[in-house]
Amino acid sequence: ACGISAGCNGTGGINMITVGSGVATNSNTTYPAPFGNWYKNAKHQLLFSAADLLAAGVTAGTITEISFEITTLSGTLLYRDYEIKLGCTSSNDLTVWESGLSQVFPQTDVTIALGTNTMVLANGYDWDGVSNLVMELCFDNLIDASYTNNSATPYTTTSYTSVLYYRSDVTQACPVVGLEITSNDRPNTTFT
C-alpha cells in the first residue's frame with residue numbers, strides 16, 4: 001500500500017535512483033523549475049507513472065530522500081517554507097491538482113547549492129510498486145523583497161502531462177487549487 005511509512009523516517013537509503021535522463025534545463029525565467037524564483041513563490045506537482053519508475057529501477061519500498069540536480073545557480077539561494085508531499089494516484093495525466101497527498105518534508109527553509117540538492121524526508125513514504133506517484137513541491141518567498149531568477153534543473157520530456165505548476169508574486173502558492181499550467185517537461189528526480 002502507499003502511504004507514510006510506519007517504521008522508517010529519512011535515514012538515508014540503500015538505493016539512489018534517478019528518474020529521467022534528459023539534459024535540457026529550464027531557463028532562468030521558465031518553468032517547471034523546482035528551484036524557481038523568477039516569481040516569488042511556486043507550486044509544482046510532478047507525476048511519475050509506475051512504468052517510468054520501474055523502468056528507471058525504482059522498486060516498491062520506502063522513499064526516504066528526494067534530490068534534484070542544479071546545473072546553474074541563478075538568483076536566490078534561499079527557499080522559504082519549502083514543502084514536499086507525496087501520494088499515489090490512478091491518474092495517467094495531471095489535469096487538476098491532486099489532493100489528499102501526505103506531507104513528507106514539512107515546511108523548511110532550504111538553501112540550494114550547485115550540484116545535487118537532497119531533502120531528507122521527515123516521514124518516509126511507502127510506494128507500492130504499481131501505482132503512479134505524485135509529488136508536490138511548493139515554497140513561499142513572499143516576505144522577501146523581490147523575485148530573482150530560476151536555477152537550472154535538467155528535465156525529461158514525457159509522453160503524458162507530467163507537471164502542473166503555479167507561480168505568483170502576490171499569492172501564497174501552496175494553498176492554490178486552480179490556475180494550473182501544464183507541462184510534459186518533468187524535472188529529473190532522484191529517489192532514495
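A search of the whole structure finds 2 salt bridges, a salt bridge being a side-chain nitrogen of Lys or Arg within 4 Å of a carboxyl oxygen of Asp or Glu. The model is predicted: local features need pLDDT of at least 70, side-chain atom pairs count only at pLDDT 80 or more, and totals for chains, interfaces and linings use all residues. Residues are numbered from 1 along each chain as its sequence is written, and side-chain values use heavy atoms, with hydrogens and water left out.

Select Asp-52 and Arg-186. Their side chains form a salt bridge at 3.3 Å, N to O. Asp-52 sits in helix 1 (residues 50-56) and Arg-186 in strand 12 (residues 185-187), 134 residues apart. Helices (H or I, at least four residues) and strands (E, at least two) are DSSP runs, numbered from the N terminus. Arg-186 is buried at 3% relative accessible area, while Asp-52 is partly exposed at 25%. Buried means under 20%, exposed over 50%, partly exposed in between (1.4 Å probe, protein chains only).

Next, select Arg-80 and Asp-109, whose side chains meet in a salt bridge at 4.0 Å, N to O. This pair joins strand 5, which holds Arg-80, to Asp-109 in strand 6 (residues 102-111), 29 residues apart. Arg-80 is partly exposed at 23%, and so is Asp-109 at 43%.

Then go to Thr-89, in strand 5 (residues 78-89). Thr-89 is buried, at 10%. A polar atom of its side chain lies 3.0 Å from the backbone nitrogen of Ser-91. Beyond its neighbours within four places in sequence, Thr-89 contacts (heavy atoms within 4.5 Å) Leu-47, Glu-98, Ser-131, Asn-132 and Val-134.

Note on methods: Polar contact = N/O pair within 3.5 Å; in protein donor to acceptor, adjacent residues only side chain to side chain.
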